[in-house]
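Let us walk through this model together, beginning with a single residue and widening the view from there. Please keep the structure open beside you as you read.

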There are 2 protein chains.
Amino acid sequence: MADAAAGLHLEDFHDGQRFESTRHTLSVEEIKRFAAEFDPQPFHLDEPEAEASFFRGLAASGWHTAALTMRMLVETLPIDGGLIGAGGEVAWPRPTRPGDVLRTVSTVEAVVPSRSRPDRGLVTLRTETLNQNDEPVQVLTARLVVFRRR
Amino acid sequence: MADAAAGLHLEDFHDGQRFESTRHTLSVEEIKRFAAEFDPQPFHLDEPEAEASFFRGLAASGWHTAALTMRMLVETLPIDGGLIGAGGEVAWPRPTRPGDVLRTVSTVEAVVPSRSRPDRGLVTLRTETLNQNDEPVQVLTARLVVFRRR
C-alpha cells in the first residue's frame, strides 16, 4: 500500500499504550437498518415491542456496536498492512441506545513477537466502547496480527 | 410478544444439542458495502490491493461474517424473548471470500441456571460458520440469556 511506510509496526507498540477515537452518534434509523439486515429481532426494530422486552427500550444489535467499534478503530490505529484481527472476546455490559454518542478507548495489553514467523507478532488490544456518560457498552479484547518494519 | 409461547425456553436446551441453519451466499457487492460502512480497509474493498495484502485476495470483514452469522442464528433458534447475547469469544481461522456459501452449525456446550435470578439461565452455544468446503471461517462461543417457562 502506498502509505505503508507511515503506518504503525510491531516495534511501535508497548504495554499500556492508549488510543482514543473520535465520536460517532448513532441514530435510530441506523439501528433499525442494521437490524433489518443482520439481526431482525423486535427489540432492535420496533419501539413498543422493545419497551416490553428484556432491553426495556430500543437497543442496537451488539454486532452493530461491534461493527461501529471496528470503524472507529480503523480511523484511530494506522497499522502498517491494516487491522487484521485473529479473534478476541467481546462483552456487552449494557445496551447501545438511539442517540448514543460512542467513542473507543483502546489500551495495549500485550505485544508478543511470533516465534515461528520473525516478521510479525500479536498485539492484544482491549477496546472499551463508551457512551456519552462514559459507560462501556462493549468491551472487546482483540488479538491483532502486526508486522515488523522490514 | 405474540408468539412467545412457541419459542424455546431454558428447559428446552441440553448439552450436545445441535442446530443447523440454512445457507447464505455472500456476494462481492455485499462484502464491499459492509466494508465501506464499517471496515474501510483496502483488503475488503479493492481486488488488486487485496491481492497484495495479508489476505491474498478480497476478504469479508470478520465483523461482516459475525453479522451474517447472527442473521443465520436468528433464523435458526426461535428462543422465547429473543436471542440475547451477553458476550462471547470469536475467532476467524480463515477469510470469508466472495461467493462463499455460508451456514452455521451450533452446539450447546452448557446450560447454567442463574443462582440469583430463578427465572433465567445462561446457555453457552458454540457456533461454527462454515463455507461450502465445510471449513470454518468463524468460531463463536456465545453466552445467551434464556428464560424459563413461567
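**Starting from one residue**

Ile84(A) lies in strand β3 of chain A, which covers residues 84-91; strands here are DSSP runs of E with at least two residues, helices are runs of H or I with at least four, and both are numbered from the N terminus. Before going further, please note that this is a predicted model, in which local features need pLDDT of at least 70 and side-chain atom pairs count only at pLDDT 80 or more, while totals for chains, interfaces and linings use all residues. Residues are numbered from 1 along each chain as its sequence is written, chains are lettered from A and ligands numbered from 1 in the order in which they are written, and side-chain values use heavy atoms, with hydrogens and water left out.

Is Ile84(A) buried or exposed? Ile84(A) is buried, because its relative accessible area is 3%, and buried means under 20%, exposed over 50% and partly exposed in between (1.4 Å probe, protein chains only). Who are the residues that Ile84(A) touches? Leaving aside residues up to four places away in sequence, Ile84(A) touches Arg143(A), Leu144(A), Val145(A) and Phe147(A), and across in chain B it touches Phe43(B), Phe54(B) and Phe55(B); contact means heavy atoms within 4.5 Å. Take Leu144(A): it sits 60 residues from Ile84(A) in sequence, yet their C-alpha atoms are 5.5 Å apart in space.

Now let us step back to the chain. Chain A has four helices and six strands, and from the N terminus on they follow the order β-β-α-α-α-α-β-β-β-β. The C-alpha trace of chain A spans about 55 × 30 × 25 Å along its principal axes. Of its 150 residues, 50% count as buried. Among contacts in chain A with a separation of 6 or more, 69% come from residues 24 or more positions apart.

Finally, turn to the partner chain. Here 39 residues of chain A are in contact with 38 residues of chain B. Together the two chains bury about 3200 Å², with 66% of it on carbon and sulfur atoms; buried area is the accessible area (1.4 Å probe) that two parts lose on being put together, summed over both. Phe38(B), Phe54(B) and Trp63(B) supply 22% of the area that chain B buries against chain A, more than any other three residues. Two salt bridges are counted between the chains, each a side-chain nitrogen of Lys or Arg within 4 Å of a carboxyl oxygen of Asp or Glu. A salt bridge joins the side chains of Glu37(A) and Arg33(B), at 3.1 Å from N to O.
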